[in-house]
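Good morning, and thank you for making time for this presentation.

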Amino acid sequence: MQGVNCSSSLDKNIVDTLEGYDSGKDGYIDLMELKLMMEKLGAPQTHLGLKTMIKEVDEDFDGKLSFREFLLIFHKAAAGELEEDSGLMALAKLSEIDVALEGVKGARNFFEAKVQALSSASKFEAEIKAEQDERKREEEERKHRRAAFRELKSAFSQ
């Protein structure tokens with residue numbers, strides 16, 4: 001979530017919250033990260049409860065929460081669409097985010113920044129790979145020069 005453009009302090013708060021619990025640094029909150037989040041927020045959930053929480057807002061059925069899906073929790077809470085005793089309601093109550101007031105305008109910036117960050121990471125990886133390939137090529141050249149030298153040396157030694 002590096003490089004996310006935050007249009008408000010609320011957006012920054014959401015991104016900071018996700019970054020804080022996104023130990024895999026993949027831009028998603030998975031089951032174990034959600035477990036840790038709920039424990040740290042003082043509302044621990046059972047394994048089944050955590051799966052239910054994710055399933056309730058997991059629009060792409062990938063088993064983890066994206067930024068948009070995370071925002072959906074607060075939208076559903078504001079619309080009264082969550083069970084009062086559900087884990088998602090507990091999460092919504094424990095958070096300072098009021099999506100009814102703020103909307104989901106930060107989602108676009110988040111995903112654009114995510115694509116840019118992934119692109120930057122890919123460029124960096126490509127540069128590292130190019131350096132590694134260059135080192136391999138140089139090592140191969142050294143081996144060929146040594147072999148050619150040994151061959152010449154053996155020709156003169158006879």
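**A loop residue, the fold and the salt bridges**

Lys-25 has a relative accessibility of 60% and therefore counts as exposed; in the terms used here, buried means under 20% relative accessible area, exposed means over 50%, and partly exposed lies in between, with a 1.4 Å probe and protein chains only. Before going further, please note that this is a predicted model, in which local features need pLDDT of at least 70, side-chain atom pairs count only at pLDDT 80 or more, and totals for chains, interfaces and linings use all residues. Residues are numbered from 1 along each chain as its sequence is written, and side-chain values use heavy atoms, with hydrogens and water left out.

Lys-25 sits in the loop between helix 1 (9-21) and helix 2. Its phi is positive, about 50°, although Lys-25 is not a glycine. In the loop between helix 1 and helix 2 we also find Asp-22. Is Asp-22 buried or exposed? At 2% relative accessibility, Asp-22 counts as buried. Between the C-alpha atoms of Asp-22 and Met-37 the distance is 9.4 Å, with 15 residues separating the two in sequence.

Let me now turn to the overall fold. The chain contains seven helices and zero strands, where helices (H or I, at least four residues) and strands (E, at least two) are DSSP runs numbered from the N terminus. In sequence order the pattern is α-α-α-α-α-α-α. The chain has 158 residues, of which 30% count as buried. Among contacts between residues at least 6 apart in sequence, 51% join residues at least 24 apart; a contact means heavy atoms within 4.5 Å.

Next, one pair of helices. Two packed helices are described by the angle between their axes and the distance between the axes. For helix 2 (residues 31-40) and helix 3 (residues 47-57), the axes come within 10 Å and cross at roughly 110°.

Phe-61 has a positive phi, near 55°, and is a residue other than glycine. At 73% relative accessibility, Phe-61 counts as exposed.

Helix 4 (residues 67-78) has twelve residues and should span 16 Å at 1.5 Å a residue; its end C-alpha atoms are 17 Å apart, which agrees. The expected span is 1.5 Å times one less than the number of residues. Buried residues in helix 4 include Phe-67, Phe-70, Phe-74 and the charged pair Glu-69 and Lys-76. Just after helix 4, Gly-80 takes a positive phi of about 75°.

I close with the salt bridges. Side chains of opposite charge can pair when their charged atoms come close. How many salt bridges does the structure hold? There are six, a salt bridge being a side-chain nitrogen of Lys or Arg within 4 Å of a carboxyl oxygen of Asp or Glu.

Glu-59 pairs with Arg-68, their closest N and O atoms being 2.7 Å apart. Glu-59 is partly exposed at 41% relative accessibility, and Arg-68 is partly exposed at 43%.

In helix 7 (residues 106-157), Arg-135 and Glu-131 are four residues apart, about one turn of the helix. Their side chains form a salt bridge at 3.9 Å, N to O. Arg-135 counts as exposed at 55% relative accessibility, whereas Glu-131 is partly exposed at 47%.

Glu-139 and Arg-142 also form a salt bridge, at 2.6 Å, N to O. Because they are three residues apart in helix 7, about one helical turn separates them. Finally, Glu-134, Arg-137 and Glu-141 are linked in a network of salt bridges.

Notes:
Axes are lines fitted to C-alpha atoms, for helices over the stretch in contact, and angles run from 0 to 180 degrees between N-to-C directions.
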